[in-house]
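The following exercises concern one protein chain and its ligand. Please work through each task before reading its solution.

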Amino acid sequence: MLPKYFPLFPEQASKLAFHVDALYFFILGVTIFFTTLVAVLILIFGIKYRHDKHPVPHQIEGSVPLEIFWSAVPLGIAMVIFTWGAVLFIQQNRPPRGSLDVYGIGKQWMWKFQHPGGQREINQLHVPVGRPVRVTLISQDVLHGFYVPAFRAQMEAIPGRYTTTWFEPSKPGTYHLFCTEYCGTKHNGMVGEVIAMEPGDYEEWLRGACAFGSLATEGQKVFARMGCVTCHRGDNDARGPNLFRLYSTQVRLQGGQRVLADAAYIRESVLNPSAKIVYGYQNIMPTFQGQLNEEELIELVEYVKSLDNAGQLHQTITNTQPEPPVNLRKMQQGIDVTKPGNNMIPAPPSHSEQMETVPKLQPNAPQTKGQQKAPGKSQ
Ligand code: HEC
Ligand SMILES: [Cu+2]
């Protein structure tokens, strides 16, 4: 905004930054205008109606047009600010489809970031330019705040709850990352940097960064280790619902209402399964509270998310081997697919066969996701 030698305002390095600033300067302009107007009028009236010229005040009985004028004009200005602000707010809270997902965990006193490909970073976040990035945040202890001034992106990191923010970096560079909640004695040291890179450089960085398997494959291991697969086998007789294509669908619950299966829903399903019971299922899932840390929960979320495509894992850039698709059939047979070589997928035909084993509607346990409407219920 201002020249480099007078950096009163942070750089504008994201797509929304200009719009946020425009609103900010509009409000600033309105404020300056009225402050000046009032100050100047005080001065003029103070001189014009001073005591020695007007010893006896002249009584004014009021004027309807004037009253309407000075009510309507501020109302109009306030509504402009409100509408403009609301539109921006909605934009800033709705990551565009196809955003790149990264996860940020705040803890005293650092930021840990995880990329879908399994790359992990501390107090540094590498992102590509020209692509929306959605950051899903959570805190491991107290309230923290994720703030990148150059992107005009700010969101609290709250213990026990996912929050998200997004930005689309518009120019390469290294930008400040601050924690904006006073989170303890070393709060001032909880700083980091966001490095926006050209897409090519970013991909190169992804390949070179340390990773031990993508979040989804790590999640698959957690899924097997915690015994989730015994109930979520993905077939008709399974005790738990099929998780294929669950992510970002509307899940029908026992009471008939529907919820969006996002990261927060999956997290809640694991930690507090009885909070929302899927329609047609029993409340038998045990809680995994205290048995999984935030990282493992994120991995589970990414795993369930990756099942979007009939059990096929995401193609995420990682410097480990390309991910083989999850072989659910082997998991059902009790084979530990997390052991090297055990998750080999048979030739493609059997995979399409596997797709067909996605449970059909059961007479008394209707599919929970999808287009079906609850009779007599509207949402
Ligand atoms: C004892 C069997 C059992 C185990 C073990 C189990 N679940 Fe479940 N799960 C269920 C049942 C039954 C439901 C549906 C009822 C409900 O919503 O609580 C469910 C629901 C879910 C849902 C919501 C599904 C939907 O369609 O909306 C998710 C996500 C989930 N489980 C994940 C997991 C994960 C991850 C694990 C392992 C950490 C796990 N489950 C372990 C039985 C189980
Ligand atoms: Cu903090």
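**Exercise 1.** By class, how many nonpolar, polar and charged residues does the shell around ligand 1 have?

*Solution.* The model is predicted: local features need pLDDT of at least 70, side-chain atom pairs count only at pLDDT 80 or more, and totals for chains, interfaces and linings use all residues. Residues are numbered from 1 along each chain as its sequence is written, while chains are lettered from A and ligands numbered from 1 in the order in which they are written.

Step 1: ligand 1 is surrounded by 31 residues (C-beta atom, placed from the backbone, within 6 Å of the ligand). Cys228, Cys231, Gly240, Ser269 and Met285 are the closest.

Step 2: two or more residues each come from helix H5 (228-231), helix H6 (263-271) and H7 (helices are DSSP runs of H or I, at least four residues, numbered from the N terminus).

Step 3: the shell divides into 21 nonpolar, eight polar and two charged residues. Here Ala, Val, Leu, Ile, Met, Phe, Trp, Tyr, Cys and Pro count as nonpolar, Asp, Glu, Lys and Arg as charged, and the others, Gly among them, as polar.

**Exercise 2.** Determine how helix H4 (residues 215-225) packs against helix H7 (residues 294-306).

*Solution.* Step 1: the angle is about 105 degrees, and the axes lie 7 Å apart (lines fitted to C-alpha atoms over the stretch in contact, with angles from 0 to 180 degrees between N-to-C directions). H4 is therefore roughly perpendicular to H7 (65 to 115 degrees).

Step 2: the residues of this contact comprise seven nonpolar, three polar and four charged.

Key. Angles under 35 degrees count as roughly parallel, over 145 as roughly antiparallel, 65 to 115 as roughly perpendicular and the rest as oblique.
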